[in-house]
Each structure stands twice: as C-alpha cells, then as structure tokens.
Amino acid sequence: MNYVAVHFKKTSGSLDAQVAREILVAELGAVGFESFTETAEGVSAYIQDQDWKEGILDEIQILNSEEVRFDVNKEWIEQVNWNEEWEKNFEPIRVQERVSVRAPFHENPGLEYDIVIEPKMSFGTGHHETTHLMLEHLLEIDLAGKSVLDMGCGTGILAIFAELRGALAVDAIDIDPWCYENSVENAARNSCEKIEVFEGDARLLKEQKYDVIIANINRNILLDDMESYVKCLNQGAVLLLSGFYVDDVEQIDKCAAELGLKLAGEKVKNRWVGLKYVN
C-alpha cells in the first residue's frame, strides 16, 4: 500500500497558525486524507495513492483563502512507518485526571484508567481532540453490562476504554487493514477479552444491536452511514459522534433529527466537537 504525502507550510496570512492547521486537516479528512502529522510550520497529510486524484486539493477551501497562504509540496512514498511518525509528535492524553492514553515508552501516571497503545497509523492532528471528547462522553455513561460498537476504531482506544468501563461486549470496526491489525494488537496489549475486531465498514452492520455506538470518523462518512448506525441502536441507546468541527454541527444535527435522534450532550475542544444522541 503506497501513499501520497502532501506537505503544507504556512508562509503568510493573518489567520492563527493552529486554527489554520485544524481547518486544513478537517477539510483534507473530508476528501480522503487519512493520516496527519504536525510539523513546526504546518502539516503533512497522507492519502492512499489509489485515492489520490489530480485536482483533489481544489476542493480545499482554506487553500484559496485570503487569510492564509501555504506552500504545498507532494511526494509519492512507499508504506509509511507510522510508528516513527507518531512517536515524533505524540504526547500522552490525560482526561479529567482519570484517564491516560500513552505509548509504552511513556511513564504510567497512575490514573484510574490507563490505556497503552502503539499505533501503526498516525495519531495525527485532530485525533487527539476527538479522542479526548469521546473519552469524556464515555466517562459519563454507565457502560456496565452494555454492548458497544466502535466504528472507525483506528488504534482501538475507545473500544479498549469501553471494556475498562465494564462493557459486556465490544465490536470494533475499521476499513483500514493496518487499523484492524493495530486494534487487535492494542486490545491484547491492554488484556482485553470482550473486544472483537472486524475489517470493513458500515456494510458489516446487519442485525446487530448495541446499547452504545461510537463513531469518531469524519463528517462525510457520518452523514452517509448514520442511518446504518441508527438501525443498530437498542431502544434508549446512545450514539456518540465526533470527527468534525463546530461548523459541521448543523448538518450533522439535521441528519440525526431526521433519523429520530435527540441531542443529549455536546462537548467542544479546539473547535472539534463530540455529540451525544439518544433514540
């Protein structure tokens, strides 16, 4: 599996560098870029070469903004060593001084919940915020004895946390074979026994029913697949959505309302949003 790497360097403009970076990553994620690493001057974004098409960057509005300018360079590369990229940028996550998410080379801070991951994909810009938001939501939900689905599980963090919080059964799904393999390994690394990992997408959802569904992906996939999620919710179940910005909430909420969901909670971190719905 080869990749196209596109390197964005902010050169000028009045827009704050961090804000510009976050908007850029959100827009790139919406058109198929799957991994990101922050650099001192911008962002490097990665997309599978089979998904790259000439003109794809024409869809990125911030690249045409008068408030910011980027130098853009691309290169074709063989399989990325995501571990190496991730280790350059990853800082441990701490949530409400109750949850830590760290790599094996980080010291255990001794919090109530400790999750150890060693990903084979980039823990890129944005994922820190959205993972943090989902962990906060999950801290507020009684998961004891519940069935949980983690869609777009990535490194398996949220599935692992669901089991640590007492979930009876956890399904984790991701379309990326590296994510599938990584989630299996991280579940074992955290001594999880209730997690079953699947490689695929929402088409795997048939007659399954869940008490809690977590979907931390991106806006377009959420809008396309939300109906499939709703069909899998037990009565009184919870749907947690993240992977999008404040500006996307209206569109997400409209889709959810049309499917009979009620908004029950909202969390925001650096303009990323995590929404809680009930049916």
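How many residues does helix H5 have, and how far does H5 reach from its first C-alpha to its last? Helix H5 (residues 177-189) has 13 residues and reaches 18 Å, close to the 18 Å expected at 1.5 Å a residue; the expected span is 1.5 Å times one less than the number of residues.

A quick word on the ground rules. This is a predicted model, where local features need pLDDT of at least 70 and side-chain atom pairs count only at pLDDT 80 or more, while totals for chains, interfaces and linings use all residues. Residues are numbered from 1 along each chain as its sequence is written, and side-chain values use heavy atoms, with hydrogens and water left out. Helices (H or I, at least four residues) and strands (E, at least two) are DSSP runs, numbered from the N terminus.

**Helix H5**

The buried residues of H5 are Trp 178, Cys 179, Asn 182, Ser 183, Asn 186 and Ala 187. Here buried means under 20% relative accessible area, exposed over 50%, and partly exposed in between (1.4 Å probe, protein chains only). These residues cover an arc of only 160° around the axis, which puts them on the same side of H5; the arc is that of the directions from the helix axis to the C-beta atoms. An α-helix has 3.6 residues a turn, so residues three or four places apart point the same way.

At the start of H5, a side-chain oxygen of Asp 176 comes to within 2.7 Å of the backbone nitrogen of Trp 178. After the helix comes Ser 191, with a positive phi near 55°.

**Salt bridges**

A salt bridge is a side-chain nitrogen of Lys or Arg within 4 Å of a carboxyl oxygen of Asp or Glu. By this rule the count comes to twelve, and the table shows some of them, including one that involves H5.

| Pair | N to O distance |
|---|---|
| Lys 53 and Glu 59 | 3.6 Å |
| Glu 118 and Arg 189 | 3.8 Å |
| Arg 219 and Asp 248 | 3.0 Å |

Glu 118 is partly exposed at 27%, and Arg 189 is partly exposed at 34%.

Arg 219 lies in helix H6 (residues 219-231) and Asp 248 in the loop between E12 and H7, so this pair ties together parts that are 29 residues apart in sequence. Asp 248 is buried, with a relative accessible area of 12%, whereas Arg 219 is partly exposed at 25%.

Note on methods:
A polar contact is a pair of N or O atoms within 3.5 Å; within protein, one must be able to donate a hydrogen and the other to accept it, and residues adjacent in sequence count only if both atoms are side-chain atoms.
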